[in-house]
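This report goes through a helix pair and then a chain interface. Please have the structure open while reading.

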Amino acid sequence: MSPRTRGTARAGQYVALLCYLVFLAFPFVWLISTAFKPAPELGSLHPTWIPQHPTLDNFRAAFDEQPLLRAAANSLIAAVSAGIIAVVIATPMAYVTARHRSRLSTAATGWVVVSQAFPFVLLIIPLFLVLKYLHLINTLWGLIMVYVVWSLPFALWMLVGYVRAVPPELEEAAAVDGASRLRTLVSVTAPLLAPGIVATALFAFITAWNEFFFALVLLKTPEKQTLPVVLTHFLGAEGASDLGPLAAAAFLATLPSLVLFAVIQRRITGGMLAGAVKS
Amino acid sequence: MTLASATVQSERHDPPGGGPPGKGAARINRSAGTWFLVLPALIPILVLSVGPLLYGIALAFTDAQSGRTRSTQWTGVLNFQDLLHDGLFWDSFRIGLVWAVGVTVPQFVLALGLALLLSQNLRMRWLARALAIIPWAMPEVVVGIMWRLVYNPDAGILNETIRDLGLGDGRDWLTGLATALPAVILVGVWAGMPQTTVALLAGLQNTPHELHEAAALDGAGAWRRFRTVTWPALRPVALSITALNFIWNFNSFALVYVLTNGGPGGRTRLPMLFAYEEAFRYGQFGYAAAMGCVMVAVISVILAVYLVGRLGGGEDR
């Protein structure tokens with residue numbers, strides 16, 4: 001390739017990359033811009049990218065219009081519980097699955113794939129009846145139970161990858177040195193596994209924090225509802241909605257998962273990549 | 001036997017790095033210790049996932065309704081017969097297929113382009129990587145709200161851009177009969193690009209570098225190198241990610257619920273929205289479960305096609 005055509009190709013790549021940047025960023029920039037615009041600018045027929053007179057009024061109005069704090073607290077309780085419980089019960093199973101190839105691990109992997117394919121409606125109707133029987137409809141506990149089971153396949157998937165990354169030779173060496181099985185797990189395996197476990201828990205947290213469908217079906221009263229469900233209350237019946245507070249609330253609801261995702265992004269993509277390539 | 005001795009013993013028999021299950025693996029599975037480790041995850045899975053799924057399939061053969069579940073009767077295949085004649089359901093099914101293909105295909109093409117760009121040594125690569133992650137981390141509800149702000153007929157940036165470019169007055173994209181489905185499809189493409197891009201980037205890391213260089217030395221152009229070196233290595237990942245994307249898209253709910261709630265006039269009513277309304281607005285649990293079964297059946301066919309395609313592609317590598 002001549003230097004000239006290579007230069008043209010490079011330029012073309014940069015133009016393409018720029019197009020992607022614009023396409024990916026513009027809705028998000030618009031959301032933030034809308035969140036900080038005062039009412040007159042929101043009503044203007046010629047909206048601008050950058051607010052002329054930025055204001056925090058929309059954030060105040062958002063908290064006045066809907067019980068956002070309570071909804072955020074509900075989301076936090078549900079997501080933290082789901083993240084912790086999912087990891088606590090998934091880690092031992094992931095360890096066994098990763099260290100011993102067996103029908104169990106084949107079944108576990110198969111179930112991960114199958115569970116992705118089922119339309120949630122086929123799961124939620126019977127779950128609704130079961131939770132109703134247990135008097136757990138419209139409770140956070142019912143929702144947490146659903147979230148734990150729902151995040152288990154992916155938690156297992158990620159954790160199995162992390163366990164496989166710990167060389168069994170290390171454990172064997174410790175065993176040869178006379179360490180007990182428990183001791184080996186605690187002082188050799190656990191420290192190496194810890195970052196992966198934390199990443200998995202955070203990922204389960206994010207998926208629960210973002211989840212909408214189960215929360216919509218299971219939580220009936222506004223005091224119990226999670227943030228995504230409460231956000232939809234900002235949307236008026238006929239599509240008429242208070243744009244500023246809507247944007248402000250939506251922006252706030254995104255921040256926790258964006259921040260956490262930025263923190264664990266490499267681990268998640270790494271885990272996902274390992275799964276995608278090896279399977 | 002204690003847990004510790006059982007596991008250590010079996011590990012010694014287990015060939016490191018996996019391989020076929022040996023005697024050790026067989027023994028560990030029977031030991032009480034392993035079950036103790038596995039049960040905390042297995043019980044919730046069986047009770048709250050596998051069980052309800054089977055229960056859900058059973059409900060499809062009953063007249064179960066919300067509020068009178070005790071007097072539920074077996075009705076055989078009646079629900080499925082009714083579904084066969086339910087024009088609205090098949091409309092929504094057709095819309096679901098159009099939506100799933102309409103999202104999955106451009107999503108794949110765009111993600112492939114982005115993944116190829118990101119694997120190059122370009123300057124703004126980190127920014128593109130960071131931005132590409134945003135849609136992934138956002139709650140679907142927020143993605144829907146965000147795009148409603150973009151599509152807003154008066155105060156939205158899309159119509160303003162159209163006006164600025166002198167292309168007319170713009171329109172109400174989400175409530176127009178002709179524009180609603182394309183408009184939500186665009187949002188679906190945007191929202192699902194990150195996972196696909198990341199998966200394809202992983203596939204690209206698998207591409208043998210030496211082959212690439214050898215092909216370049218032989219004078220192969222970019223397209224030829226892509227076709228003969230990159231694509232064969234990428235194919236397995238590409239197949240699995242498109243199949244999964246298709247399934248996820250076909251089953252999606254939150255995005256369209258927030259954007260249009262199935263409107264206008266049912267033009268964007270995906271099967272999940274239809275089944276949700278049937279179950280939780282009209283209380284027709286049995287009928288909605290039957291819809292879920294039909295959706296699973298179609299998805300299984302697609303999975304089967306995907307598996308066959310994947311097996312067929314195995315010889316390329």
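At what angle do helix 8 (residues 168–176) of chain A and helix 9 (residues 181–210) of chain A pack, and how many Å apart are their axes?

## Helix 8 and helix 9 of chain A

In this predicted model, the two helices pack at an angle of about 145 degrees, and their axes lie 10 Å apart. The crossing in which helix 8 of chain A passes helix 9 of chain A is right-handed.

On the side of helix 8 of chain A, the residues that take part are A:Leu170, A:Glu171, A:Ala174 and A:Ala175, and in helix 9 of chain A they meet A:Arg181, A:Thr184, A:Val188, A:Thr189 and A:Leu192. Sorted by class, the residues of this contact comprise 5 nonpolar, 2 polar and 2 charged.

## Interface of chain A and chain B

Chain A contributes 89 residues to the contact between the chains, and chain B contributes 106 residues. Between them, chain A and chain B bury about 8900 Å², of which 79% is on carbon and sulfur atoms.

On the side of chain A that touches chain B, the largest share, 17 residues, is supplied by helix 1 (residues 3–35) of chain A. The residues on that side of chain A divide into 65 nonpolar, 16 polar and 8 charged.

Methods. Residues numbered from 1 in each chain as written. Chains lettered and ligands numbered in written order. Predicted model: local features only at pLDDT ≥ 70, side-chain atom pairs only at ≥ 80, totals over all residues. Heavy atoms only, no water. Contact = heavy atoms within 4.5 Å. Buried area = accessible area lost by both parts, 1.4 Å probe. Helix = DSSP H or I, 4+ residues; strand = E, 2+ residues; numbered from the N terminus. Nonpolar A, V, L, I, M, F, W, Y, C, P; charged D, E, K, R; others polar. Axes fitted to C-alpha atoms, helices over the stretch in contact; angles between N-to-C directions. Left-handed = near helix turned anticlockwise from the far one by under 90°.
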